[in-house]
Every structure is written in C-alpha cells, then in structure tokens.
Amino acid sequence: MLPTTLWPVVGSLAAAAGTVALARSIWPRRDRPGATWLLLVLGVQFVLTAGYGLGYLVATPWLRWAVEVLFWVSYIWLGALFVAFALAYTGRGHVVRSPWFALLLVLTVLLTALVLTNPLHQLVWADFAVGSTGGLATAIFTRRGGTFLILGVTSIGTAVGTLLLVDTIISYGKLYRAEALAVALSPLPPGLGLIAWTFGIVPAPGINVAPVLFLAHVAFDAYAFVGSGMFDFHPATRRAGNRAAIADLANPVVIVDEHQRVVNYNPAAGRAFDLADRDVLTQSFADCYEGDAIDPSLPEQDATIGTEDGRRTFKVTSTDLDGGSGSHLGYTLVFQDITAERRREQRLAVLNRVLRHNLRNDLTVVGMNLDAAAERADGDVADLLDPAREKTTGLVELSEKARTFERVIEEDGTSLVSVADAVGEVVADLRESFPDATVRVEGTDAAVLRIDPALLRVVVRNLVENALEHGTGEGTGTDDEPDVTVGVADDGQEVVVTVRDRGPGVPDHELAVIEDGDETDLEHGSGLGLWLITWSVTAAGGEIEFDVSDAGTTATVRFPTVGGDGTTEGAVGSGP
C-alpha cells in the first residue's frame with residue numbers, strides 16, 4: 001500500500017540534499033579553522049535526515065528500530081561535534097584538546113552506548129513498536145529518563161556552540177549582524193521539532209518533524225557561512241592576535257582590577273616578577289614585587305623593580321579597562337624595560353659634560369699656552385707648534401658647533417624668516433673667516449619660511465663651511481666663477497637652498513655615512529658638520545640631497561613653504 005502522506009519523507013530527504021549541497025560549498029574551504037569539524041557535523045546531519053526520511057518507508061520492526069537508534073546516535077554526536085566546530089572556528093581550538101572536551105566526548109560515548117544497549121535496560125525508551133500514519137512506518141515507544149537526558153545534554157551543547165559563534169561574529173561589529181542572527185536561529189527549528197516530538201506535540205501521531213526542520217537549519221547556515229563568505233574571514237585570527245598581543249608579548253603585562261589586585265598576567269610578567277610559582281591572583285600587585293610603587297591611574301611612569309635579572313628600570317604604561325556600560329573595571333599595565341636606555345642616557349650625559357665643558361675649557365687653556373709658546377719660540381719650534389695650535393682650535397670650534405646645535409634644538413622657537421636675509425648674514429660672517437674665498441648669493445628676496453632662525457643659520461653655515469673647506473676655498477674664484485655659490489628659490493610649494501662649490505667636494509665615504517644614517521668603526525665621518533646639517537634639516541621638516549660631479553658638489557635643501565595664512569605647508573618636526 002502506498003503512503004498517503006509524503007511530506008515527512010520529502011522534507012527529510014530535502015534536508016539531506018541541502019546538507020550535501022552545503023557540504024560541497026564548504027569543501028573547498030576545508031583548510032579554514034573549524035571547517036573540518038563543520039563537515040563532520042554535516043556528515044552526521046546527512047545520516048540523520050536521510051536515514052529518518054527513508055525509515056518512514058521501512059515497516060520491518062528490527063529495521064525500523066535500527067533507524068530510530070541511528071537517529072538518536074546521530075543526534076547525540078551532533079551536539080559534541082557542533083561544540084568542536086564552534087571552538088575551532090572562534091579560535092579556541094586548544095579547548096578541543098583539553099580535558100574538558102575529552103569529558104564531553106566520554107559523555108557522548110556513554111550516551112551512545114546507552115542507546116545501543118537500550119534493549120537490555122530500556123532506560124531510553126520501552127515498549128517499542130512500529131505504527132502507521134498515513135501509510136508511513138512510525139516508531140511508537142514510551143520515553144524514559146534516558147530520552148530526556150540525551151535531549152538535555154545535546155541541547156546544552158548546541159546552545160554553548162551557538163553562543164560562542166554569535167559572540168564572536170558580533171565582535172565584527174555591524175558587518176555580520178544579520179549572519180549572527182542566522183547562526184543563532186539555525187539550531188532552533190530542529191531543536192524545537194525534537195522537543196515537540198518528545199512531548200507528543202506533533203501534527204500526526206508518530207511523525208518526527210525534527211529531520212524535516214533541519215531544512216531550515218541548512219538554509220540559515222548556508223546564508224551565514226556561504227552566502228556572506230564568513231569562512232573567508234577568520235575569527236580565529238582575531239583571537240590568536242589578541243592572545244599574541246598579551247600572552248606572547250615579550251614585555252611583561254599585568255592586569256589589575258580597580259582595587260589594584262592581580263587578575264591576570266602574561267608569561268613574561270610571570271618570569272620577570274616571579275609570579276608564576278606563587279598564588280598571586282586576587283592579591284594586591286604592590287605585594288607581588290619589590291621596588292618603586294606604581295600608580296595605575298597615571299598613564300605613564302618609570303619604576304625600578306627587582307626581577308630575576310636584578311633591579312631593572314621599566315617604563316610602565318597604564319590603560320583603563322572599562323565595561324560595556326562605561327563602568328571602570330581596572331587597568332592593563334605594560335612594562336617596557338628601559339634599563340639599558342637609562343644607563344646609556346646617563347653615560348651620554350656624563351660624556352657630554354666632560355667633552356663639551358671640561359675638555360673645551362682645558363683645550364682653551366692649551367690653545368692659549370700654545371699661542372704664547374709659539375710667540376716666544378724660534379722658527380723651527382714654532383713650525384712644530386702650528387699643527388698643534390690648529391688641531392686645538394679645531395676641537396674648540398667642534399665643541400662650539402655641538403653646543404650651538406643643542407641650544408637651538410632645545411629652544412625650538414619658530415617664526416617667519418626671510419631666507420635671503422638669513423643666508424646673507426651667514427655668508428657675510430663667513431667672508432670674514434675665509435677672506436680669500438669668493439662666495440656669491442643668488443636668488444629671490446621673497447622666500448619666507450616658518451622656522452627657527454638659529455636652526456636655518458646652522459644649516460646654511462655648515463653647508464657653506466663644508467663647501468669652503470672641501471671645495472677650492474683658496475681664493476682662486478672670481479666674480480664670474482666664485483668658489484661657492486649659494487642659491488635661494490621659492491616655487492610656491494617649497495623653498496630650495498642650494499650650495500655649490502667648484503672643488504672635489506665632500507668625500508664619498510662621508511656622504512655614505514650620512515645616507516646610511518649610522519657610523520661604524522670602519523665607516524665614519526671626520527666631523528660633525530654633515531650630521532648637524534642633516535639633523536637640522538630633518539628637525540625643520542625639510543629634505544637634503546648631495547650631487548657630486550667633476551664640476552663640484554651641490555647640496556640641495558628643500559623646505560616646505562609658508563601658505564597664505566602664515567602656516568607652513570607640510571609637517572615640521574621638533575627634533576632630529
């Protein structure tokens with residue numbers, strides 16, 4: 001006799017076909033986090049829906065009993081596999097390898113065994129018989145406690161997996177709100193269908209609507225994971241990044257609550273402050289280390305703390321932790337070890353004082369005595385003293401350059417400056433120092449810069465001095481062909497200062513050091529001039545380049561020009 005009611009069969013098989021289609025769509029993405037687990041879920045889901053749909057056509061008692069067992073075993077494993085998928089997809093794959101998930105697997109195996117051995121104890125159902133509804137073979141039995149246990153455990157697993165997915169998807173913000181809703185709704189139709197069947201709330205006696213309602217489940221999942229391309233984005237990447245940002249960070253990180261009690265810390269903090277071997281959670285962080293007191297309410301502070309490597313100085317950066325409602329929850333403290341930096345600064349400060357102050361004063365005295373000795377010495381001795389006098393004078397001038405640059409950088413007083421006037425003042429001064437050299441100034445009087453005038457003079461002075469020292473500079477120049485030519489131009493976008501000489505120019509190894517930005521034992525400059533030029537130009541927001549040819553060397557400095565409102569067009573730095 002042919003069945004008169006076919007919708008349970010058609011609906012179940014349609015759900016099975018939809019499951020296969022969804023699996024085929026996900027198969028190319030099987031290397032993505034969680035995709036393998038989802039394919040396993042879909043495999044079990046296919047067995048459940050296809051098996052139950054065909055089971056309606058089987059009237060043999062033992063075969064119909066096998067179909068019912070297959071349904072319940074598949075339903076049991078759906079819960080565990082769905083949790084595994086949710087954990088892997090959301091970046092919690094390590095939990096799948098934890099004892100907690102192993103416990104879930106053990107419970108799943110026990111429930112499976114409970115169903116398979118039901119004829120022996122009848123804890124899941126009793127009085128199994130095959131009925132007929134509209135010509136379909138239906139299973140009729142009395143539910144026992146095992147049925148409700150399976151229903152409860154699987155429902156809880158499904159709910160946990162759904163919450164994990166929804167929470168992670170919502171973290172994308174507005175991008176996947178509709179997809180998050182689809183994921184949240186997808187388990188509801190089959191879950192509600194099973195509950196309705198368990199408690200007898202069905203359209204026809206013995207008809208299990210859960211397999212049919214898996215069709216809606218497939219539709220929701222297809223929209224969420226295929227239609228929107230959610231497998232092309234990896235929540236696992238975000239979670240791994242968050243974990244790496246703290247757990248894998250080389251700097252110590254300690255999280256404290258609003259009462260400054262330790263609630264979490266990363267491995268680096270555990271090693272540095274010896275926290276890992278002690279029960280420090282919920283203790284006051286101040287009691288967990290020896291050293292300077294730390295005030296989390298300060299955004300940044302320095303603190304010297306005793307560590308496993310001795311006393312170290314840290315720059316401590318504090319960030320507020322706020323709840324979603326705006327309530328203050330605590331602070332994240334990030335520790336950056338600046339011990340070496342502080343020691344380096346101390347050494348540089350001492351060396352700076354010695355070289356700039358003590359050595360300069362002593363060299364001045366030495367120079368005065370050398371001058372006096374040269375005046376009283378005969379010709380041969382005076383000739384021997386001349387190189388010493390020149391070197392002493394050069395060292396004193398070097399110290400003066402360093403002092404001038406440091407003073408200019410620290411003051412940082414910008415104003416509108418006529419470039420031509422500043423260049424003219426510097427050139428006039430240098431003509432007195434190099435009376436035999438010919439220096440010509442070319443360019444416009446309209447070029448104006450917003451710059452520290454002292455900084456501009458440092459640039460021009462050192463460029464012209466270098467040109468005079470490394471160029472001809474011996475008075476061989478003429479008005480038509482000067483030793484050094486200084487040009488000033490303004491094209492409306494930038495002010496360009498050029499210094500051109502006629503000699504061999506700056507040695508290549510000197511320029512190479514400046515371009516590399518680093519000096520080594522083998523490659524280093526002979527003085528401070530080029531460094532002072534480069535630092536000063538950078539501090540003013542400009543750029544510099546050198547062009548060396550047989551005709552001489554041309555240094556070109558470009559500064560951002562001043563707009564109509566008096567502001568400088570382009571970023572202007574405040575330090576080298």
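What you're looking at is a predicted model, where local features need pLDDT of at least 70, side-chain atom pairs count only at pLDDT 80 or more, and totals for chains, interfaces and linings use all residues. Residues are numbered from 1 along each chain as its sequence is written, and side-chain values use heavy atoms, with hydrogens and water left out.

**Overall picture**

- The protein has 18 helices and 14 strands; these are DSSP runs numbered from the N terminus, with helices being H or I of at least four residues and strands E of at least two.
- Of the 576 residues, 43% are buried, meaning under 20% relative accessible area, while exposed is over 50% and partly exposed is in between (1.4 Å probe, protein chains only).
- Take the contacts (heavy atoms within 4.5 Å) between residues at least 6 apart in sequence: 63% of them join residues at least 24 apart.

**Helix α3 and its partner α5**

- Helix α3 runs over residues 61-89 and is mostly covered, with 22 of its 29 residues buried.
- From first C-alpha to last, α3 reaches 41 Å, close to the 42 Å expected at 1.5 Å a residue; that expected span is 1.5 Å times one less than the number of residues.
- Just after α3, G91 takes a positive phi of about 85°.
- The axes of α3 and α5 (residues 99-116) come within 9 Å and cross at roughly 175°; axes are lines fitted to C-alpha atoms, for helices over the stretch in contact, with angles from 0 to 180 degrees between N-to-C directions.
- That crossing makes α3 roughly antiparallel to α5 (over 145 degrees; under 35 is roughly parallel, 65 to 115 roughly perpendicular and the rest oblique).
- Residues of α3 in this contact include W65, W72 and W77, and those of α5 include F101, L104 and T108.
- The contact residues split into 17 nonpolar, two polar and no charged, where Ala, Val, Leu, Ile, Met, Phe, Trp, Tyr, Cys and Pro count as nonpolar, Asp, Glu, Lys and Arg as charged, and the others, Gly among them, as polar.

**Helix α15**

- Helix α15 covers residues 419-433 and reaches 21 Å, close to its expected 21 Å.
- Its buried residues are V419, A420, A422, V423, V426, V427 and L430.
- Down the axis of α15, these buried residues fall within an arc of 155°, so they line one face of the helix; the arc is that of the directions from the helix axis to the C-beta atoms.

**S12**

- S12 sits in helix α1 (residues 7-26) and is buried, with a relative accessible area of 0%.
- Leaving aside residues up to four places away in sequence, S12 touches T49, G53, Y56, P211 and V212.
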